[in-house]
Amino acid sequence: MGTSLLGLDDEELSTCVGCGLCLPHCPTYRVTGEEGLSPRGRIDAMRAVEWRGAPIDDAFVHFIDTCVQCRGCEPACPSGVPYGHLAEATMQTLAARHQVTPRWQRLAFRGLGHHRLLLLGSTLLAAAQRLGLVPRRAGLSRLPLRRGRLPAATAAEPDVWLYTGCVMDAWLRPTHRATATVIAATGATLRPTPTSGGCCGALHVHAGLAPAARRLAARTIASIPGDAPILVNSAGCGAALKDYGHLLGTAEAERFAARVLDVHEWLAARADRLPPPRRHLGPVIVQDPCHLRHVQRAEQPVRTVLGRYADVVELADDGLCCGAGGAYSVFQPELAGAVRERKVAAIEVASQRSGAALVASANPGCAMHLTAAGVDVRHPMDLVAEAIA
Ligand code: SF4
Ligand code: SF4
């Protein structure tokens, strides 16, 4: 084995036995049929660079840059290949060499860490949408011109924190209010995390911008003191916050990460305290965000909580990615669109089978990506808040 060009852990890279069991779970392989766009193909390309002296050329960059980082390959893998670590480390090397994530993308990601600027930019973008100045191919659903207030803190030292984040707060603040309503209905006190904490750095990690992600992680940790659980209603943010121990490699980051829960995990453990429905929601299709199902492995609590108020309808696609992938749908619109078509087809089948017209998704990226394709998507917390209102 030669000198490490990609900075990968040799032991992690050795784990793949080439069985191919992950291939049907990989969205980019499913839509292209190309081995190079499968987990096995990407791992082989990494090995070629790391162990066999292959160059980091355009073909290699294409294999890596087209990965949605959905991690659907991980639970399917009998050898336990930590594909997410390999992909993130490779992206980090490519970003440091300026072979991925061009300057304009880095600038956009930098804006996520400045919350007031993000809110202002988001309002201007919403206005531009109303004036027809944003092309449909940008794939954005309709952004809010007004977002209302953040939910009020109900205690200075709360039972739980409600993580507010960046894009989630700018575009989907009503979901924060709905989440606060549901948490309060269990009798718990809560406090929204300060907007000075802002972005968790999830998109930066995906884009290979690890130094920026570490800065944001350190700022987030400093902004949420104490020991109270930190509840997250965005699957992508929750996965990133839970991985801070790995990202920062400190005991403090490990302790912080241990406080993080997807809000449905916390609610499912207290389901008996949730009020009975005032209105039954009827059949609702559940779409599992990859970072909830494959990374956090926390898809069941959504069913436990939503199932008290709706008839949960399953998709028959084994949790295949919808193609949103954080900012993937913006940067790889063709592949993201092709992947989404499969998800929309699965939703149509489930809808015809059950009569369900609504889809519940616990991640803003998936919700917006599917909404842009004409699917009626709501956050489970919005639905539960309506059912108990
Ligand atoms: S992370 Fe997703 S897109 Fe990337 S190789 Fe694995 S299954 Fe395929
Ligand atoms: S990543 Fe896992 S499932 Fe895929 S080919 Fe390698 S060992 Fe098999």
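The legends below describe close-up views of a predicted model.

Local features need pLDDT of at least 70, and side-chain atom pairs count only at pLDDT 80 or more, while totals for chains, interfaces and linings use all residues; side-chain values use heavy atoms, with hydrogens and water left out. Residues are numbered from 1 along each chain as its sequence is written, and chains are lettered from A and ligands numbered from 1 in the order in which they are written.

**View 1. The open sheet β2-β1-β3-β4.** Four strands make up this open sheet, in the order β2-β1-β3-β4, with parallel pairing. Strands (E, at least two residues) and helices (H or I, at least four) are DSSP runs, numbered from the N terminus. Two strands pair if DSSP finds at least two bridges between them. The edges are β2 (190-192) and β4 (260-262); each has a single partner strand, so one side of each is left without a neighbour in the sheet. From one strand to the next, the twist averages 35°. Axes are lines fitted to C-alpha atoms, for helices over the stretch in contact, and angles run from 0 to 180 degrees between N-to-C directions. Three bridges link β1 (residues 160-162) to β2 in the parallel sense. Val 160 faces Leu 190 of β2 across the pairing, standing opposite that residue.

View 2. Helix α10 (residues 173-185) lies across β1, β2 and β3 (230-232). The helix α10 runs at about 165° to β1. Helix α13 (residues 235-242) also packs on the sheet, where it touches β3 and β4. The direction of α13 makes about 155° with that of β4. Contact here means heavy atoms within 4.5 Å.

View 3. A residue is near a molecule or strand if one of its heavy atoms lies within 4 Å of it. Ala, Val, Leu, Ile, Met, Phe, Trp, Tyr, Cys and Pro count as nonpolar, Asp, Glu, Lys and Arg as charged, and the others, Gly among them, as polar.

View 4. Ligand 2 sits in the largest cavity. A cavity is a set of points, on a 1 Å grid over the protein atoms alone, where a 1.4 Å probe fits but cannot get out. A molecule sits in one if more than half of its atoms lie within 2 Å of its grid points. Of the 13 residues around ligand 2, the nearest are Cys 16, Cys 19, Gly 20, Cys 22 and Cys 77. By class, nine are nonpolar, three polar and one charged.

**View 5. The open sheet β6-β5-β7-β8.** Four strands form this open sheet in the order β6-β5-β7-β8, with parallel pairing. At the edges stand β6 (311-313) and β8 (377-378), each with a single partner strand, so one side of each is left without a neighbour in the sheet. Three bridges pair β5 (residues 283-287) with β6. Val 284 stands opposite Val 312 in β6. Four bridges pair β5 with β7 (residues 358-361). Ile 285 has Val 359 of β7 as its bridge partner.

Definitions and conventions. 1 Å grid on protein atoms, 1.4 Å probe; cavity = no way out; pocket = protein on both sides within 12 Å on 5 of 7 lines; lining within 4 Å.
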